[in-house]
Amino acid sequence: MNDKSRVIFGNRISDRDYNKALKSKKNYIKKYGDDSSCDYKANVTENKVIGPLLGVENIEVSTKVTSDKTMDTQKGIIVGNIRMGFGHYRISMAMASYAHHLGYIPYWMDLNSYPETTCTKVIGHQNDLYSLGSRLSKNPIFNKLVWEPTNYEGFRALTYNSSDQKNAELMAPVYKNVPKDIPVIATHVWPAQAAIHAGMKYVVNAIPDNWPMALHLSEGSVHTIQCKNAYMGYRILNGMNKKTVCEPMPQDSLVYTGHYIDYELVSNIEKDCEARLNRKKNGKAMRFLLTIGGAGAQKEIFAEIIKYLIPYIKKNEAVLYVNVGDYRNVWDQLISEILDMAALKTEHMDNWEDTLKFTEKALDPNEEITGIHGFYHKDIFEAVYTTNLLMRSCDVLVTKPSELAFYPVPKLFIKRVGKHEMWGAIHSAEIGDGTLECRDIPHTIQMLDQFLNTRLLDEMCESIVLNKNMGIYDGARKVVELAMGLKEGNK
């Protein structure tokens with residue numbers, strides 16, 4: 001097998017940078033060991049949260065056999081991911097949703113959930129660094145001098161991919177006993193790189209971001225892209241070797257699919273948009289969904305939004321859903337800092353059945369939803385999927401322009417966490433289903449007023465329905481079809 005750290009899509013890496021990649025892998029081995037000789041078993045287990053909803057089964061990797069259930073090599077499809085924030089889990093859920101809808105069995109394989117393995121130790125270390133950087137980015141000096149340049153240009157370089165590919169060799173052992181002809185959809189590059197290194201035959205690398213970066217390259221897999229702008233950037237590896245013109249990606253290594261969205265959301269677009277327009281037409285409260293990501297870095301912005309909306313909530317002109325994910329401390333801090341919240345709040349705290357009941361109730365046009373509803377779940381699947389469930393009955397999603405920038409719901413974008421996220425808001429504004437990125441509180445408040453007092457919500461709903469008719473939200477379906485098609489085509 002060619003050394004994927006030495007040559008990337010025909011672009012040769014210098015000896016100096018290749019030696020850096022070798023040193024990076026060596027340092028990880030020194031710190032976490034090399035388990036390439038371990039005979040890890042792939043155990044199929046129940047996923048109690050999204051299993052009943054999306055047909056998902058978990059793949060647990062261990063030196064021990066803990067399950068007598070085997071993987072279905074005919075209908076099975078692996079969704080390879082990592083827990084790094086919520087974004088990659090959410091995209092994985094979209095893939096699983098469509099796999100289930102199309103009659104396949106989605107196997108959930110989180111490479112950051114196998115504590116015995118070197119793979120998880122390496123990913124966990126990098127995840128901790130990324131989370132720390134996200135939190136420190138609230139400091140404007142650190143953000144300007146370190147965080148945004150790293151996310152924007154550092155991850156863009158082919159040399160970064162060279163080191164990543166070398167490190168991913170340490171992740172390959174988790175695939176050792178996974179049948180090699182089961183297709184893999186990876187929603188982060190490491191599960192794709194590891195799968196290729198392990199000899200998996202059919203790998204689709206579902207690239208999440210709208211800013212082309214070499215970070216996301218996994219040569220040997222088919223790369224899928226959500227936006228035409230990013231497609232062009234990846235096709236020529238634009239700017240990934242500074243001013244040097246790169247050798248382009250081969251035509252068959254890159255596919256534009258559209259946005260990665262769950263079947264449940266796509267199939268109900270017209271119905272949900274009509275409900276939003278009816279609520280506005282009938283003078284009912286506008287429902288805002290505030291969702292905190294896995295790094296928990298937006299609490300201060302949320303606090304200002306809540307303070308501004310409380311007078312509207314008291315007059316029943318607005319409703320708030322606040323999903324703090326698995327950050328209970330964020331909810332507690334908001335309650336203690338904003339005194340008026342206590343009298344308006346209804347808590348849905350770590351009670352999945354209660355959350356399911358509420359999200360179903362909120363879809364009933366005859367149900368009146370009032371006040372502030374807070375959601376917290378310790379379980380990561382519950383924490384992430386709560387936002388998906390609440391999205392259908394909300395009117396406006398308030399979020400940073402991350403993976404949620406691509407979802408078919410009217411969106412108000414608050415300040416990004418990392419400059420690469422900027423392009424998600426740009427794309428959303430261009431197709432009419434989201435605002436510009438509001439980088440400070442005054443502009444965020446201005447946009448809240450636009451939703452409350454103008455036809456902005458109506459315009460976005462109209463755009464969302466139009467976008468659906470153009471196939472813009474069909475990405476998850478197309479990725480699943482592509483992954484299974486690679487296997488079928490090989491037959």
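**View 1. Helix α8 lies across strands β9 and β11.** Here α8 (residues 228–235) covers β9 (222–225) and β11, running at about 170° to β11. Helices (H or I, at least four residues) and strands (E, at least two) are DSSP runs numbered from the N terminus. Angles run from 0 to 180 degrees between N-to-C directions, with axes fitted as lines to C-alpha atoms, for helices over the stretch in contact; contact means heavy atoms within 4.5 Å. This is a predicted model, in which local features need pLDDT of at least 70 and side-chain atom pairs count only at pLDDT 80 or more, while totals for chains, interfaces and linings use all residues. Residues are numbered from 1 along each chain as its sequence is written, and side-chain values use heavy atoms, leaving out hydrogens and water.

**View 2. Eight strands form an open sheet with mixed pairing.** Their order is β3-β4-β6-β5-β7-β8-β9-β11. Because β3 (41–46) and β11 (254–256) stand at the edges with a single partner strand each, one side of each has no neighbour in the sheet. On average, neighbouring strands are turned by 30° against each other, direction ignored.

**View 3. Strands β4 and β6 pair in the parallel sense.** Two bridges join β4 (residues 57–62) to β6 (residues 105–110); pairing requires at least two bridges found by DSSP. Look for Asn-58, which stands opposite Trp-108 in β6.
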